[in-house]
Amino acid sequence: MDGFNTQISVNITRNRENKSMKYSILTNFIKGESSPSNGKFLDVFNPLNGEVITQVPLSSADVVDDAVAGAKQAFPNWANLSLKDRAQIIFRYRHLLEKNFEELAALITEENGKTIDEARAEVSVSIEMAEFATSLPQICLGEVEMVSRGVECRSERYPLGVVASITPFNFPNMVPNWTIPNAITLGNTMILKASEQVPLSANRIAELFSDAGLPEGVLNVVHGGRETVEAICENPGIDAVTFVGSTKVAKIVYKKASGNFKRVLCLGGAKNHLIVLPDANEEMTATNVAASMTGCAGQRCMAASAMVAVGNIDSIITSLCEEVKKIVPGENLGAVISKQAQERIESYITEAESEGAKILVDGRGVTVNGKENGYYVGPTVIDFVTPDMKIATEEVFGPVLAIMRADTVDEALKIENNSPYGNAASVFTQSGSLANYVAERASAGMIGVNIGVPVPREPFSFGGWNESKFGTGDITGKSSIEFWTKLKKTTTKWNPEARTNWMS
Ligand code: NAD
C-alpha cells in the first residue's frame with residue numbers, strides 16, 4: 001500500500017461527462033487559466049455520504065512540464081518585485097480567505113468529511129499562515145557588517161526559482177497554506193499538487209490568489225497521484241519540493257527528489273504519545289485527550305494515538321471514556337476519508353482485540369441515520385495494549401486511542417522513545433519538574449505539557465523528528481524562510497585607500 005491512498009487503483013475511469021455530480025469535472029490551473037485534461041480521471045467522494053462529487057484529472061508528466069514552463073516564465077518578473085510588493089498580494093489574499101470563510105469551510109467538510117467547526121478552525125489557521133507571510137518584509141532581513149576597515153560584507157536572501165508543494169488529504173486548505181504564502185512571498189513561483197482525494201480546495205485557493213491579483217504562472221495547480229508526483233520529482237526545472245503525507249511516501253519523494261538534486265523537505269506520518277502521570281488533573285486530562293484523539297476523526301498528524309498510563313490512573317481512564325462517549329459520529333465527529341480507511345481502522349481494532357487488548361469504547365460498525373453510505377468510525381479506546389502490538393507502533397489515522405501501562409516515567413519514556421516517529425509527544429501532570437523531565441527526554445519535535453495537540457502557532461515552526469520528517473528545518477514559521485530562499489553574500493570595497501590583505 002502506498003501511504004493511505006488505495007482508491008487510486010480502484011476508481012480510475014475515463015471522464016464520465018454524463019454522470020450527475022455536484023461539481024463539474026476538475027481542471028488543472030496553469031499560467032493563470034483552467035487547463036482541461038483529456039487523460040485519466042479519478043472519482044472524488046464526499047466521505048459524509050459516499051457520493052461522487054467530482055472527478056479529478058490524473059496528470060501526466062507533460063502537464064507537469066507545461067506547469068513548470070509557466071512557472072519559469074513568471075519567475076523573473078515576480079522575483080524582481082520587492083518583498084513588500086509581493087506581500088501586498090498576500091494581504092489581499094488573506095482578506096479573501098476571511099470574506100469567503102464559510103464557503104471555504106463548507107468545501108473542506110464536503111471533500112474531507114470533517115465537521116464544519118473543524119473546517120472553520122482549519123481556515124482560521126490558513127488565515128494565520130497568510131498573516132505570517134505578510135510579516136516577511138519585517139523579518140526576512142539581510143545582514144551587513146564592516147568586516148575589515150573599508151570592507152563591508154552583506155548577505156541577502158534570494159528566491160530559489162520554481163518550487164513544488166505536494167499535500168495530503170487531511171487538511172485540504174491548511175496544508176497548501178503552510179507552503180504557498182511563504183514560498184511565493186519570498187519570490188518563488190510554485191506548483192501545487194494537492195491530494196487527489198481532496199482536490200476542490202486547491203482550485204479554490206488558486207482562484208482566490210488570482211482574485212487577489214497574483215500574476216499568472218506564479219501559482220499553478222497540477223492534479224494527480226503517484227505518476228504526477230514522480231514527474232515533479234524528476235522535472236529538472238523544479239528547484240525545491242516540499243511534501244506532507246505518510247512516511248512511506250515521504251521517503252520515496254525525499255529519495256527521488258533529492259537524488260535529482262532538489263532541495264527537499266518531507267513531513268511524514270506520526271504516532272503521538274501522551275504520557276499521563278497519576279497527579280494529572282483528571283478533568284483537564286480527560287477532555288484534552290478525548291479531543292486530541294477524536295478531532296478530525298483522528299486524521300491529524302498531531303492526534304493522540306498512544307497513551308502511556310504511568311502507575312494507577314484508572315479514574316482518569318474512566319473519565320476519559322465518559323468524555324469519549326460524548327463524541328458521536330454524524331454529530332460532533334466527522335467521517336474518515338474513504339471506505340478503505342474505514343476498513344483499515346476497524347481492522348486495527350479487531351487485531352488488537354484478538355491479541356488480548358481490552359476494548360473500553362468500541363467505535364466499529366457505526367452508521368449515521370440518513371448517511372448510511374458515509375465512512376464513519378466511532379471513537380475507540382483500547383486498554384492493556386502492549387508495546388509490541390501493531391496498534392502500539394503503527395499509525396492508525398482514525399479516532400482510536402491505544403493505552404499502554406507503565407510503572408515508571410522512565411518506562412513510559414522508553415516506550416515513546418522506541419517509536420520510529422517523532423512528531424508530537426505530551427505529558428499530563430501538575431508537577432513542573434516531571435513535565436520538564438519528560439519534555440527534555442521525549443523524542444519528538446513538538447512537545448505538549450497538559451496539551452493534547454501541541455501545534456506550535458506562528459511564528460514558531462511546524463515539524464517533527466525521526467521518521468516524521470526528512471530534510472532540514474521546518475515547513476512553516478521562521479524556519480521556512482531558510483528553506484524557500486538561498487543566501488547571497490556580497491563583499492564590497494569602495495575606498496581605494498582601504499588596506500589590502502588576503503581577506504579583502
Ligand atoms: P499519502 O502519503 O498517501 O499522500 C500524500 C501525497 O502523496 C498525495 O498528494 C498523494 O497523491 C501522493 N502520493 C500517494 N502515494 C504516492 C506514491 N506512491 N508516490 C508518489 N506520491 C504519492 O498521505 P495521505 O493519506 O494523503 O495523508 C495522511 C498522511 O499524512 C498521514 O500519515 C499523516 O500523518 C500525514 N501528515 C503528516 C503531517 C505532518 O506535518 N507531519 C501533516 C499532515 C498529514
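View 1. With a relative accessibility of 7%, C296 counts as buried, where buried means under 20% relative accessible area, exposed over 50% and partly exposed in between, all with a 1.4 Å probe and protein chains only. C296 takes part in no disulfide, and the nearest cysteine sulfur, which belongs to C301, is 10 Å away; a disulfide is here a pair of cysteine sulfur atoms within 2.5 Å. This is a predicted model, in which local features need pLDDT of at least 70 and side-chain atom pairs count only at pLDDT 80 or more, while totals for chains, interfaces and linings use all residues. Residues are numbered from 1 along each chain as its sequence is written, and side-chain values use heavy atoms, with hydrogens and water left out.

**View 2. C153, a partly exposed cysteine.** By the sulfur-to-sulfur rule the count of disulfides comes to zero. C153 is accordingly in no disulfide, and the nearest cysteine sulfur, that of C140, lies 18 Å away. The relative accessibility of C153 is 26%, so this residue counts as partly exposed.

View 3. N177 has its place in helix α7, which covers residues 174–185; helices (H or I, at least four residues) and strands (E, at least two) are DSSP runs, numbered from the N terminus. With a relative accessible area of 1%, N177 is buried. When its neighbours within four places in sequence are left aside, N177 is in contact with Y93, S126, M129 and I205, contact meaning heavy atoms within 4.5 Å. N177 and A130 are 47 residues apart in sequence, and their C-alpha atoms are 7.3 Å apart in space.

**View 4. The whole protein, as the setting for the close-ups.** The protein has 17 helices and 21 strands. Its radius of gyration is 24 Å, close to the 23 Å that the globule rule gives for 504 residues, so the protein is as compact as a globular protein of that length; the radius is taken over C-alpha atoms, and the rule is 2.2 Å times the number of residues to the power 0.38. Along the principal axes, the C-alpha trace spans about 80 × 65 × 40 Å. Buried residues make up 58% of the 504 residues, and of the contacts with a separation of 6 or more, 75% are accounted for by residues 24 or more positions apart.
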